[in-house]
Amino acid sequence: MTTDIAIAQRAKMLRIGQVAQRFDIDEEYMEPYGYYKAKISLEFLETLKDRPNGKLILVTAINPTPAGEGKTTTTIGLGDALNRIGKKSMICLREPSMGPVFGMKGGAAGGGYAQVVPMEDINLHFTGDISAVSLANNLLAALIDNHIHHGNELGIDARRIVWKRVVDMNDRALRDVTVGLGGPGNGFPRSDGFDIAVASEVMAIFCLATGLEDLKDRLGRIVIGYTRDLRPVLASDLKAHGAMAALLKDAIKPNMVQTLENNPAFIHGGPFANIATGTNSVIATSAALKLSDYVVTEAGFGADLGAEKFVDIVCRKSGFKPDCAVVVATVRALKYHGGVELPDLNQENLSALEKGIANLERHVNNIRNHYGLPCIVAINHFTLDTDAEIKLLQDKMATQGAPVVVSRHWAEGGKGGEELAHAVINMVETTPSNFKFVYEENDSLWNKMTAIATKLYGARDIMADSRVRAQIRKLEDDGYGSYPICVAKTQYSFSTDPALRGAPTGHSVAIRDVQLAAGAEFIVMVCGDAIMTMPGLPRVPSSNMIDVDSEGRIVGLF
Ligand SMILES: Nc1ncnc2c1ncn2[C@@H]1O[C@H](COP(=O)(O)OP(=O)(O)O)[C@@H](O)[C@H]1O
Ligand SMILES: O=COP(=O)(O)O
Ligand SMILES: [Mg+2]
């Protein structure tokens, strides 16, 4: 079988300036990173602000198997298909974290004949944005310990520092560390830990900021910890935010690359959707909306996570209003939700498929009734899907109020996605969006989390111990009650139990921890025990297969 990287390395790429010209982006505003990547200057984006917005299509999915069900691949295939049928379309994706790249899931540049290129660059260092985010995050961490070392004038309580270090790698050995060992010259010993870079609040701020000044202002409002009398200590108290913004001044400009069919793609910002917001930067999507008639963007994991955060955090803050949603479903994942285990997903199993369709039905219901969005089901066709399985899925979904389209973009590129593209255009042109939030800004934090859990997850209620309840009360007392919620929970289930697949009801969502993201302006609610902000590498990491050959070409990157 032809690998993704073999297809990508055979691509006939255009110089990135040629791709940009098709979308009236003058080369003087392009800051090339080689021949096939470029950043777009923020000054250029300023010149666009009076233009009307194009239509916004959100690609989401059912709860995935560990491999993922093809949101990124479908976003790319749909974007190519829209351009093939004569629609001026751009796609907006997140940049891949090297955690999954070297870990279990692999890259995030699509697959088959629906990829963005140069995929090796995109999946590895790309233009250095995630490294810049990591450095900005860790500069703040270093300044905290340095401040304590040099007398601690702010009175930071070292036991109440909430700011962690980050690295863009899956490294369980760094989850729980002690810093400052080795005597007085090394500072004061204290427990610390690393999160994966894409879980950093700096990444969330990066993705929500509207420009450099907003970025700097938000960075300054980060709460790094508390004094002994529980007063918050901010990054601006440490005079850190200017230097942090300086590290990010180039990263904040959106990156442009191209698809295998030479259509433009913005790839910018990379938060995961199970532990963070899960969508690309507001700057990139805002730019794409001014530069094209149809923007296709994806939100991570299932519609219970990435799409909900896109709606309740990103759209609430940015003013975006999606015109429709495409929910990606696969036969394999629906069989998984019907109880089939991973090794057996390649066998036809109509009864399991029929049972697992409940997961898709609930996502369609949530998207239509709780996000108020017209919805299309895209069956991301896999080679081993049987006609009987496809027919069963189409028949079962026929009464759910969402058109079901089989899309073959992975195998055929944009051509394979044209039916989906026509369905999207028809939906956008005939069905108005009744876009709405799942909860209101002035609902209490507890009621916001209750709304998400009961309306979307099928939960009976939420619960929390007295410590967490006290934390929530203090956040309300400190004036953060109007902030939206960023749920951190497993991506495999509507519940907090990854093994509870399908469409569980009556479960309880336990809030294990609550974290303030004052700069990103949301409250993280960590639900259940199956979630961590520093993943570990699997027994056989993808890095085993990755190499560089004698001509300097990357091999084994999927
Ligand atoms: N139709 C398909 N057939 C085979 N492999 C696919 C198909 N769609 C996606 N993939 C592969 O599945 C993995 C997940 O796809 P991706 O688009 O990254 O999913 P998501 O964005 O939902 O996590 C990638 O390795 C991709 O190449
Ligand atoms: O945050 C997760 O994103 P994917 O669903 O694209 O892997
Ligand atoms: Mg993806």
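**Conventions.** I worked with a predicted model, in which local features need pLDDT of at least 70 and side-chain atom pairs count only at pLDDT 80 or more, while totals for chains, interfaces and linings use all residues. Residues are numbered from 1 along each chain as its sequence is written, chains are lettered from A and ligands numbered from 1 in the order in which they are written, and side-chain values use heavy atoms, with hydrogens and water left out.

I looked up the second largest pocket, whose volume is about 1,300 Å³. A pocket here is an open set of points on a 1 Å grid over the protein atoms alone, where a 1.4 Å probe fits, with protein on both sides within 12 Å along at least five of seven lines, and lining residues have an atom within 4 Å of a point; the volume is the space filled by probe spheres set on the points, which are joined across faces, edges and corners. Of its 46 lining residues, Val162, Lys164, Asp513, Val514 and Gln515 are the closest to the centre. Strand β22 (residues 508–517) gives the most to this lining, with six residues; strands are DSSP runs of E, at least two residues long, numbered from the N terminus. I also noted that domain 2 (129–247) and domain 3 (445–527) each supply at least three lining residues, the domain bounds coming from an automatic or database assignment.

**Cysteines.** Which cysteine sulfur is the closest to that of cysteine 324? It belongs to cysteine 375 and lies 8.2 Å away, too far for a bond, because a disulfide requires a pair of cysteine sulfur atoms within 2.5 Å. The count by this rule is zero disulfides. Cysteine 324 is buried at 0% relative accessibility, and cysteine 375 is buried at 1%, where buried means under 20% relative accessible area, exposed over 50%, and partly exposed in between (1.4 Å probe, protein chains only).

**Salt bridges.** I found 35 salt bridges in the structure, each a side-chain nitrogen of Lys or Arg within 4 Å of a carboxyl oxygen of Asp or Glu. Lysine 49 pairs with glutamate 46 at 3.4 Å between the closest N and O atoms; lysine 49 is exposed at 52%, whereas glutamate 46 is partly exposed at 47%. Arginine 190 and aspartate 192, with their closest N and O atoms 3.6 Å apart, form another salt bridge, and both residues are buried. Finally, I recorded a network of salt bridges that links Asp214, Asp217, Arg218, Arg221, Lys317 and Glu521.

Key:
Helix = DSSP H or I, 4+ residues; strand = E, 2+ residues; numbered from the N terminus.
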